[in-house]
Amino acid sequence: MNFKEEMTKRTERIEKVLEKYLPKEEGWQKNVIEAMNYSVKAGGKRLRPMLMEETYKLFGGNGMEIEPFMAAIEMIHTYSLVHDDLPAMDNDDYRRGRKTTHIVYGEAMAILAGDGLLNYAFETALKAFENNTDNTRVAKALMILAKKAGIYGMIGGQTADIEAENIGEKVTQEHLLFIHEHKTAALIQAAMMIGAVLAGATEEQVEIVEKAAYDIGIAFQIQDDILDVTSTLETLGKPVGSDEKNNKTTYVTLKGLETASCEQKEMSAHAITLLESLNMKNQFLMELITSLITRIK
Ligand code: GRG
């Protein structure tokens with residue numbers, strides 16, 4: 001298998017799925033819909049829908065109900081980026097190599113575009129009921145999506161993150177792990193758990209997937225922290241040094257580059273061991289997980 005070629009194929013497929021589910025730019029709402037679509041179409045690695053579909057395939061899934069969920073998770077992820085870039089939060093001008101949504105459409109429209117994307121994600125995921133599929137699985141998947149994006153997931157992590165900015169060096173490893181688990185790992189867990197649930201995985205199997213996705217999420221965030229100090233705006237598509245600017249404690253400031261990098265590798269390897277314990281095969285998924293710790297953007 002040529003990993004790079006397979007990656008390109010999958011990314012192109014995800015772009016088509018997104019295109020299919022994005023709202024039409026018309027009516028009195030045209031402006032907000034344009035801002036929503038601008039943010040989603042700005043690109044990005046499409047990691048969450050990719051992990052979702054690959055986990056679905058790992059458990060033998062081959063239906064259509066995965067598609068609205070793939071679009072939904074990317075919409076939720078994109079809304080979080082749009083809001084995170086706002087002046088009230090990180091106040092960033094660049095994202096995914098383009099001007100941020102509030103710079104192009106203004107702050108009010110960027111707030112509404114984020115809200116619109118979050119709501120439209122659920123309107124979209126609900127379309128999975130229209131597929132000829134197991135409604136209980138779809139309902140379970142919706143519950144996972146709602147919880148992992150909410151106050152017990154990503155929003156909870158973002159809250160703890162904002163509060164951590166005010167206490168600077170007093171942020172402990174425990175506090176930081178809470179932030180990373182909720183702000184970053186929760187959506188990755190949602191992606192993989194939804195893939196598993198829709199394909200009919202058992203509760204025990206979904207628990208293993210949740211644990212593996214935790215490791216993947218933390219490792220992914222550590223790499224994000226590393227790139228913030230080692231990369232460039234051109235490569236990353238967003239400003240570097242953002243953590244320092246916002247007085248953020250990260251894995252790198254807490255432990256140093258080398259230890260952070262070692263721990264990240266251990267977590268990624270642990271995730272793979274957990275997934276291999278399921279005795280199911282998806283070579284691309286394993287390579288995708290490994291590639292995340294050496295990613296450059
Ligand atoms: C505003 C509720 C709310 C939450 C914001 C996700 C988030 C929480 C903030 C974005 C900033 C950040 C560093 C989040 C951690 C997760 C992360 C590394 C996001 C970037 O994900 P990528 O690298 O982005 O997958 P692309 O652009 O490739 O999709």
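**Exercise 1. Divide the residues lining the second largest cavity into nonpolar, polar and charged.**

Solution. The lining of the second largest cavity divides into six nonpolar residues, one polar residue and no charged residue, where Ala, Val, Leu, Ile, Met, Phe, Trp, Tyr, Cys and Pro count as nonpolar, Asp, Glu, Lys and Arg as charged, and the others, Gly among them, as polar. The residues in question are Ile-216, Ala-219, Phe-220, Ser-268, Ile-289, Leu-292 and Ile-293. As a next step, consider the elements: α10 (203-230) and α15 (283-292) each supply at least two residues of this lining, and α10 gives the most, with three. Helices (H or I, at least four residues) and strands (E, at least two) are DSSP runs, numbered from the N terminus. The space in this cavity is about 30 Å³.

This is a predicted model, in which local features need pLDDT of at least 70 and side-chain atom pairs count only at pLDDT 80 or more, while totals for chains, interfaces and linings use all residues. Residues are numbered from 1 along each chain as its sequence is written, and side-chain values use heavy atoms, with hydrogens and water left out.

**Exercise 2. Find how much space lies in the largest cavity, and which elements give two or more residues to its lining.**

Solution. Begin with the term: on a 1 Å grid over the protein atoms alone, a cavity is a set of points where a 1.4 Å probe fits but cannot get out, and lining residues have an atom within 4 Å of a point. A volume is the space filled by probe spheres set on the points, which are joined across faces, edges and corners. The largest cavity holds about 90 Å³ of space. Of the 13 residues that line the largest cavity, Ser-39, Ala-42, Arg-95, Arg-96 and Thr-101 are the closest to its centre.

**Exercise 3. Identify which residues come nearest to the ligand, and which element gives the largest share of its shell.**

Solution. Of the 17 residues around the ligand (a heavy atom within 4 Å), Lys-45, Arg-48, His-77, Arg-96 and Gln-221 come nearest. Turning to polar contacts (pairs of N or O atoms within 3.5 Å), a polar side-chain atom of Lys-45 lies 2.6 Å from an oxygen atom of the ligand, and for a side-chain N or O atom of Arg-48 the distance to a ligand oxygen is 2.8 Å. The largest share of the shell, six residues, comes from α4.

How values were computed: On a 1 Å grid over the protein atoms alone, a cavity is a set of points where a 1.4 Å probe fits but cannot get out, and a pocket is an open set with protein on both sides within 12 Å along at least five of seven lines; lining residues have an atom within 4 Å of a point. A polar contact is a pair of N or O atoms within 3.5 Å; within protein, one must be able to donate a hydrogen and the other to accept it, and residues adjacent in sequence count only if both atoms are side-chain atoms.
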